[in-house]
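Hi,

Here is the structure I promised to pass on.

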Amino acid sequence: VTVYAKALDMESPLGIAMQIGGASTDAALVVDGNSAEWVVFNVANRLRVMSAGSGATVAAEVVLPGIIRDIEIVSSGASIYALVAADDAGVAVVDITTPDAPVLLHTTPVDYFQDGLTWTEGGGEILTDNEIAGTKATITAIETDGTDVWIANLNYGIHRTSLANVL
């Protein structure tokens, strides 16, 4: 027998940020143009933004096409962006310049290709000049130094590209 009981004074400190299923995998602190602090985090495929103040509730959310694995905050000009490793959907770019009104700008799938590979098949024969390729890689992490972006691809390894290519 299972009995559900809830204390009368028990409230979620995250308000609507709670959901059954999904997990939070990353969070980042953002300071907007008015020096207000915001927390950007995920629950499964939902990118959520809430004030960092005491008793804050979620101000806004954007639903992404893939499960969020990592969030990287970057400023470019007067804009603030969340670069999101969105699992097999690729890399998502969300404009969070106005934190309580985030906008998904685009999601870009990440492909991979490598030729000239040599391996041995099960019978011992050496096979040369093989290639691996895919158009839907699983992106698990993203990092930037403000100039370049490193994208962790579960299927292939690390990709490096210019931040301008991602934005």
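Let me start with a residue that sits out in the open: arginine 160 is exposed, with a relative accessible area of 60%. For that word and its relatives, buried is under 20% relative accessible area, exposed is over 50%, and partly exposed is in between (1.4 Å probe, protein chains only). Arginine 160 makes a salt bridge with the side chain of aspartate 148, at 2.8 Å from N to O. By salt bridge I mean a side-chain nitrogen of Lys or Arg within 4 Å of a carboxyl oxygen of Asp or Glu. The two partners come from distant parts of the chain, 12 residues apart, with arginine 160 in strand β13 (residues 157-162) and aspartate 148 in strand β12 (residues 148-153). Aspartate 148 counts as buried, at 15% relative accessibility.

Before I go on, a word on what you are looking at. This is a predicted model, so local features need pLDDT of at least 70 and side-chain atom pairs count only at pLDDT 80 or more, while totals for chains, interfaces and linings use all residues. Numbering starts from 1 along each chain as its sequence is written, and side-chain values use heavy atoms, with hydrogens and water left out.

Now the overall picture. The protein has one helix and 13 strands, and the order from the N terminus is β-β-β-β-β-β-β-β-β-β-β-β-β-α. Both come from DSSP runs numbered from the N terminus: helices are H or I with at least four residues, strands are E with at least two. Of the 167 residues in the protein, 36% are buried. The protein exposes about 9500 Å², with carbon and sulfur atoms supplying 52% of that (Shrake-Rupley method, 1.4 Å probe; for residues, only the protein chains shown count as cover).

Back to the charges. How many salt bridges does a search of the whole structure find? It finds four. One of them joins glutamate 61 to arginine 46, with the closest N and O atoms 2.7 Å apart. Glutamate 61 is in strand β4 (residues 58-63) and arginine 46 in strand β3 (residues 46-51), so this pair ties together parts that are 15 residues apart in sequence. Glutamate 61 is partly exposed at 32% relative accessible area, and arginine 46 is partly exposed too, at 27%.

Another salt bridge is between aspartate 87 and arginine 69, where the closest N and O atoms are 2.6 Å apart. Here the partners sit in loops: aspartate 87 between β6 (79-85) and β7 (91-95), arginine 69 between β4 and β5 (70-76), so the pair ties together parts 18 residues apart in sequence. Aspartate 87 counts as buried at 13% relative accessibility, whereas arginine 69 is partly exposed at 34%.

Last, the aromatics. The search of the whole structure gives one aromatic pair. The rings of tyrosine 112 and tyrosine 156 have centres 5.7 Å apart and planes at 20°, so the pair is stacked. The rule covers rings of Phe, Tyr and Trp (its six-membered ring) with centres within 6.5 Å; planes under 30 degrees apart are stacked, over 60 edge-to-face, and the rest tilted. Tyrosine 112 is in strand β9 (residues 112-120) and tyrosine 156 in the loop between β12 and β13, 44 residues apart. Tyrosine 112 is buried at 16% relative accessible area, while tyrosine 156 is partly exposed at 30%.

Cheers
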